[in-house]
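Dear colleague,

I am passing on the structure below, and after it you will find a careful account of what was found. Please keep the model open beside the text as you read.

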Amino acid sequence: MTTLFTFPKGGVHPPDAKKLTADCPIETIPTPDELEIILGQHIGAPCTPTVERRDTVSEGQMIGEVKKGLGVPLHAPAAGTIKLMGMSDHPMQVKAPSITIKVDHEASANEHNVSDWSQRDAKELVGLVRDAGMVGIGGAGFPSHVKLSPPPSDPIDTLILNGAECEPYITSDYRQMLEMSTEIVEGAKIILKILGVKNCIIGIEANKPEAIKVMGEAAAEGSTSEFNVQVSPLEVKYPQGSEKQLIQSLTGRKVKGFALPSSVGVVVHNVGTTRAIYEAVVLGKPLYEKIVTVSGLGINKVGNFKIKVGTKLSDIVEYCGGTNDRLSKIIMGGPMMGFNVSSLDIPITKTTGSILFLAEEEIDTTPHSNCIRCGWCLEACPMGLEPKEIAIHVEAGKGEDTNQFGVFECFECGCCAYVCPAKRPLVQFIRLAKMKAKR
Amino acid sequence: MWSVVACLVPPLVLSVFIFGVQTLLITAVSVASCVAMEAISQKSLGRKITVSDGSAVITGMLIAFMIPPDVSFLLPVLGAVMAIYIGKHLLGGIGYNIFNPALLARAFLLATFPVAMTSAWIAPNNSLFTFLGTTVDSVSSATPLAVMKEQGIEAFQAQFGTASNIYTNFFVGIQPGSIGETSALLILLGGLYLMYKGYITWHIPASTLGSIAAFTWIFGGDVYCSGDPLLAILTGGAMLGAFFMANDYVTCPTNKTAQLVYGVGIGALTVLIRLKGGYPEGICYAILLMNPVSSVLDTMFKPKRFAPLAPPPGGGK
């Protein structure tokens, strides 16, 4: 084995729990009768609907557009009629505006024909990516076309594909790498062409040897004199998949504070996003389907599913044969960074990567106690912060004073809370601090 | 917490062998009164009762370890009141106390019962160890460092043996002294176990013991650089202090660099007290003096930020 790439500071080793779903091939969940498409699915301004109530829409038709500012359009995941412009449950905002589509199951599915992208120029390709509503589907939801148009002052020399998938439980990227390796490499070449760059590194954590092998073969096959794609195994350490950490692991470059990866000549895309970019450009298929891992001991059927955006959690639970008695917590996202949800009416969005139905033995509900200043969170923090100080300030009602501890550098990876022997909800304290403190 | 308790058991067992069953009773009284005091304090202050976390048990054991074996049972009880009620809960409860409660109790007992705390020694019974080839003429009535301080090196050698076996005796623990601090070996093993488990790191013990040895070597002899560093860290509770008290999570700094400075501070103060102060040992006061400096050190030595957004402001508002 060659040396594994990693980042120097902090990080933790939670049990990865990927065995539950790693061998489950991607399965398609049938479109439910109703889809609720939340208007704000990306970082930036939410979409304004371009359709009206009772309108008939076809699969892939644009139904929302951002008129001003940062954003990407929204598309109808299935043919049907617009039933309602209302509000939907949302994991973070409680309620969020949405469009409800009553699905017409009779309509024939779209056919996607392969087109040749190599004749198109970079500008045209970026336009296709934007029009397909592409965002970073690894979780952040940052509009992809912005990443593909770095400022001219930042010359890019490397594209990094993030296949680390360091969060426990989640295997959706892993399955995509196994089943769609050629598409991912093809997507990488599209991005390389857009950026005018030759080199692409695919970073995959060493606990996925199969993916490293399959992607390595696809990369070798796809590489030409024009595009050089290669796979680099990463040390298994959470949060290896965090953008800044990943860049340092693979290139040794450090991205400063608010700066974007382009400031060090790097663009990072998730492998799932890369596959979706391939579909958008080559097949002309907008982003309205997600590969989602459903896992945990609290649900009867686990697996990796291709799900239409707007499908509610309740539809997924129904498809998976319901939950069982052991269920005690539902989390959207990974166990380290995800959100606990209280409603099954929440529809999935472009950025949903996993839904976990965790049983009592998979979670820790011990009440938290005082900070004993052991300093473990300082050791675990990949950003070199002092989580305990921020939390103590918040507890003392001084959340507004936490800027001095670099509270805005925190990306809420949860390493501190994971190691805390007093079980303190440090990430929640930090989120409170971010609301109180001013930049 | 319970691993720490487990690590403190071997020194206790040894003390029963060398000082008799009295030490076990003292420890039992101390632990029981600490646990009771914890419950009473938390009840009276309206806090959640957390005796089951084991921290009061550790405090109780440490108090017992730091008092002579032949004292009245009243002492550990009073020590528990001082440590748990005043030292811990009145100063904010677990996590907020500034001073190490056990050391506070020892300082309090030393000030209020100076005679008992400095004379109730029991000569060690070394019959169990004769097969090891280490024979000690056990008639001494004071701790090694006290003898050395008050009567000089000749008296010390007359009482505790010659250079040939003196280190072995102190290392294994056949010496007069407080209940749990005599055996450097067992404390070292306990400390290494805690390090192996990842509960403590090497920073504070190494810097504390290293600086005690270094400063004693430089200043401890008749001329500079002629002191006896090995003896300095084997006696006077230095090992117990360095492994089980100086790195008490609550009262030590959290940053590793700050911890190194903190350890050196403890070492320097210990040697200063031993050589120039009124007490033959010194690590207890040295740690208590460094405890309030912890948070200052933490402010001075911050972890290196991975991607600072702005130049670190000078101390906030």
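**An enclosed strand and its sheet**

In chain A, Val294(A) stands opposite Ile355(A) of strand β17(A), and the bridge partner of Ser295(A) in that strand β17(A) is Leu356(A). Before going further, please note that this is a predicted model, in which local features need pLDDT of at least 70 and side-chain atom pairs count only at pLDDT 80 or more, while totals for chains, interfaces and linings use all residues. Residues are numbered from 1 along each chain as its sequence is written, and chains are lettered from A and ligands numbered from 1 in the order in which they are written.

Two strands are said to pair if DSSP finds at least two bridges between them.

Val294(A) belongs to strand β13 (residues 289-295) of chain A, one face of which carries Lys290(A), Val292(A) and Val294(A), while Glu289(A), Ile291(A), Thr293(A) and Ser295(A) lie on the other, and all of these residues are buried. A residue is called buried if 20 or more other C-beta atoms lie within 10 Å of its own, exposed if 12 or fewer do, and partly exposed in between, with the C-beta atoms placed from the backbone. Because 7 of the 7 residues of β13(A) are buried, this strand is largely enclosed by the rest of the structure. In a regular strand the side chains alternate between the two faces of the sheet.

Strand β13(A) runs parallel to strand β17 (residues 354-359) of chain A, to which 3 bridges join it, and it pairs in the antiparallel sense with strand β14 (residues 303-308) of chain A over 6 bridges. Within β14(A), the residue opposite Ile291(A) is Lys306(A). These strands belong to an open sheet of 6 strands in chain A with the order β1-β14-β13-β17-β15-β16 and mixed pairing. Its edge strands, each of which pairs on one side only, are β1 (26-28) and β16 (339-340) of chain A.

Strand β12 (residues 266-270) of chain A is mostly covered, with 5 of its 5 residues buried. Strand β9 (residues 158-163) of chain A runs parallel to β12(A), and 5 bridges join the two. Asn162(A) stands opposite Asn270(A) of β12(A).

Helix α6 (residues 209-222) of chain A has 14 residues and reaches 20 Å from its first C-alpha to its last, close to the 20 Å expected at 1.5 Å a residue, where the expected span is 1.5 Å times one less than the number of residues. Its buried residues are Ala211(A), Ile212(A), Val214(A), Met215(A), Ala218(A) and Ala219(A). What covers them includes β9, α4 (172-179), α5 (181-195), β10 (199-205) and β11 (228-234) of chain A.

**Chain A as a whole**

Chain A holds 13 helices and 17 strands, and 54% of its 439 residues are buried. Along its principal axes, the C-alpha trace of chain A spans about 60 × 50 × 45 Å. Of the contacts in chain A with a separation of 6 or more, 74% are between residues 24 or more positions apart, two residues being in contact if their C-beta atoms, placed from the backbone, lie within 7 Å.

**Domains and the contact between chains**

Chain A is divided into domain 1 (113-283) and domain 2 (376-436), with bounds that come from an automatic or database domain assignment. The centres of these two domains of chain A, taken over C-alpha atoms, are separated by 31 Å, and 5 residues of domain 1 of chain A are in contact with 5 residues of domain 2 of chain A.

Chain B is divided into domain 1 (2-119), domain 2 (124-176) and domain 3 (183-301). Between domain 1 and domain 3 of chain B, the C-alpha centres lie 21 Å apart.

The contact between the chains takes 26 residues from chain A and 19 residues from chain B. By class, the side of chain A that touches chain B has 10 nonpolar, 7 polar and 9 charged residues, where Ala, Val, Leu, Ile, Met, Phe, Trp, Tyr, Cys and Pro count as nonpolar, Asp, Glu, Lys and Arg as charged, and the others, Gly among them, as polar.

With best wishes

Note on methods:
Helix = DSSP H or I, 4+ residues; strand = E, 2+ residues; numbered from the N terminus.
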